[in-house]
Amino acid sequence: MGFEKELLLGAEVIAVAAIDEGISGVYAYPGTPSTEIATYIQQSELAKQKNIRSSWSTNEKTAYEAALGMSYAGKKSLVCMKHVGLNVAADAFINSAITGVNGGLVLLVADDPSMHSSQNEQDTRFYAKFAYLPLLEPSNQQEAYHCVRYAFYLSEMVKLPVIVRITTRLSHSRSVITRTTPLDANNLSPEKDRMKWILLPGNARKRYKNLLDIQHQLVHFTENSIFNNEIQGEGELGVIAFGLAYNYVMEINSVHKLNIPVLKISQYPLPEKKIKDFCNRHKKVLIAEEGYPIYEELLRGFFDNEKFLGRLDGTLPRTGELSPDALYNALLKKPKFTLGIPEVVANRPPELCQGCSHRDLYDSLNKSLEGYEQKHVFSDIGCYTLGALPPYNAINTCVDMGASVTMAKGAADAGLHPSVAVIGDSTFTHSGITGLLDAVNDNAKMTLIISDNYTTAMTGGQDSSGTNKLHQICEGVGVDKKNIHTIVPLKKNFDENVAILKNAFEFDGVSVIIACRECVQTLRRKKSKK
């Protein structure tokens, strides 16, 4: 075939590569900056022709376990999530390093340095090192295509899950890429070695030893990887550039004609011989890595501490995204002159959409809390988190997915009254149900408000697992159906909704209020399609 050229987002490149590599399924929970990968596959006519399974999973843990099940059956599977989603999937992920895989399994994690849409800057490379698993970190979109395809090959070669790490900047920027020859999907071929997958202690110890024994083979792959190579240069200063940082380094190297030697690393575990040889030939080495100074810390432990420059000594910023400007300052030892942008228009903070159901819910909630000395509302991750900002100032916490329910339960245990939690429909099914079960088992005096807009709105309107099921789920968990109330958050229902909320606060046990009104954005899209 003639190889096709396409202009794609980095996230879409991942999807295309996985389709071309012959996956049978993609499993994911939407989370910026990884959402567009599964979305692309869901909308791809080629993926439909190939019968690739692509609907959303309830959370990252269920996604990872389902992908592992597909691998067990001998098929290739892709599982996608953002960096904090890997915390949710960590139990299955860590143990899958010990079970190993059958069909190729690639875990795509999109990290978010600078926290554009996240609550921390967590670096997935730590998880790879922790689990003793190989990781690929592409430096551009074309390399991302090749990395994903190679990752499936490597996964089936070493019989381990393989991680591909991208970041926001790579995921959400476009480039022209060239596709290569596609492969057919694997035939069904379930695992024959049953004991490999049964992690009883005696067997798990053997499997763990097997994981350790294979590490030298993984290092051999990285020493000879086409993704790890040296660019020759001159001078006593060398740069070790990891993943996307390589692009930034080469931009400064080229534009300013620095001719600095660079060792590019995009496959882990570290190629020890390559790095040792490079470091021994240079008096000073700048470590440029996007994310935590994980390998700067490691290399400082192996070599003279004075040899290395990077995030730890302040040569590069300790937090936020790496950038060409930061590397300019580090390599040329002078701040880059930039023309300031005049503040013609004042910055505008994010806000809930006009007509959003969360607006009317928060109006009712704030009114219903009047008269109480303690006005603490535990909230969660979603569009409704914007209720923390003016004019609502309605919520007090946002920690992690599902924390609103269990934090409200703990506060109720401490004697806080009223103890109120606000959670979205998708977040509730993601990780709020188990917290509600705890509250029911303890008969906690708390009120859970599920703001149900029939979608996963914050990430673009993906399907929500709880749509039209929330009442039954709450009743099934054990909430008395007499204490499950449905309201419609509209201005015309304001007084009625306030009265229902106040009554719920005073109930001596668990009460649930489901506030139902469709997201205005998804409703608008539906109408435009009609």
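The paragraphs below concern a predicted model, and they move from the cores to the cysteines and then to the cavity and pockets.

**Nonpolar cores**

The largest nonpolar core comprises 86 residues, and the members that touch the most others are Ile 41, Leu 78, Val 79, Phe 93, Leu 107 and Ile 240. Helix H7, which spans residues 141-158, gives the most to this core, with nine residues. Leaving aside residues up to four places away in sequence, Phe 93 touches Tyr 64, Leu 86, Leu 107, Tyr 127, Ala 131, Leu 133 and Ile 163.

**Cysteines**

How many disulfides does a search of the whole structure find? The search finds zero. For Cys 147 the reason is distance, because the closest cysteine sulfur, in Cys 80, is 15 Å from its own, too far for a bond; Cys 147 is also buried, with a relative accessible area of 0%. Cys 356 is likewise in no disulfide, and the nearest cysteine sulfur, belonging to Cys 353, is 6.1 Å away, whereas a disulfide would need the two sulfur atoms within 2.5 Å. Cys 356 is buried, with a relative accessible area of 11%.

**Cavity and pockets**

The structure holds one cavity of 30 Å³ or more. Its lining is formed by Glu 137, Pro 138, Arg 165, Ile 166, Thr 167, Gly 243, Leu 244 and Glu 290. The table sets out the volumes and the classes of lining residues.

| Space | Volume | Lining residues by class |
|---|---|---|
| Largest cavity | about 30 Å³ | three nonpolar, two polar, three charged |
| Largest pocket | about 670 Å³ | 11 nonpolar, 21 polar, four charged |
| Second largest pocket | about 480 Å³ | 13 nonpolar, one polar, three charged |

Of the 36 residues that line the largest pocket, Gln 119, Ile 381, Gly 382, Met 401 and Met 458 lie nearest its centre. Two elements give two or more residues to this lining, namely helix H5 (85-99) and helix H17 (425-442), and H17 gives the most, with five residues.

The second largest pocket is lined by 17 residues, and those closest to its centre are Pro 269, Leu 270, Glu 272, Leu 298 and Phe 302. Helix H6 (124-131), helix H10 (215-223), helix H12 (272-280) and helix H13 (294-302) are the elements that give two or more residues to the lining of this second pocket, with the largest share, four residues, coming from H13.

Note on methods. Residues are numbered from 1 along each chain as its sequence is written. This is a predicted model: local features need pLDDT of at least 70, side-chain atom pairs count only at pLDDT 80 or more; totals for chains, interfaces and linings use all residues. Side-chain values use heavy atoms; hydrogens and water are left out. A nonpolar core is a set of buried Ala, Val, Leu, Ile, Met, Phe, Trp, Tyr and Cys residues joined through side-chain atoms within 4.5 Å. Buried means under 20% relative accessible area, exposed over 50%, partly exposed in between (1.4 Å probe, protein chains only). Contact means heavy atoms within 4.5 Å. On a 1 Å grid over the protein atoms alone, a cavity is a set of points where a 1.4 Å probe fits but cannot get out, and a pocket is an open set with protein on both sides within 12 Å along at least five of seven lines; lining residues have an atom within 4 Å of a point. Grid points are joined across faces, edges and corners, and a volume is the space filled by probe spheres set on the points. Ala, Val, Leu, Ile, Met, Phe, Trp, Tyr, Cys and Pro count as nonpolar, Asp, Glu, Lys and Arg as charged, and the others, Gly among them, as polar.
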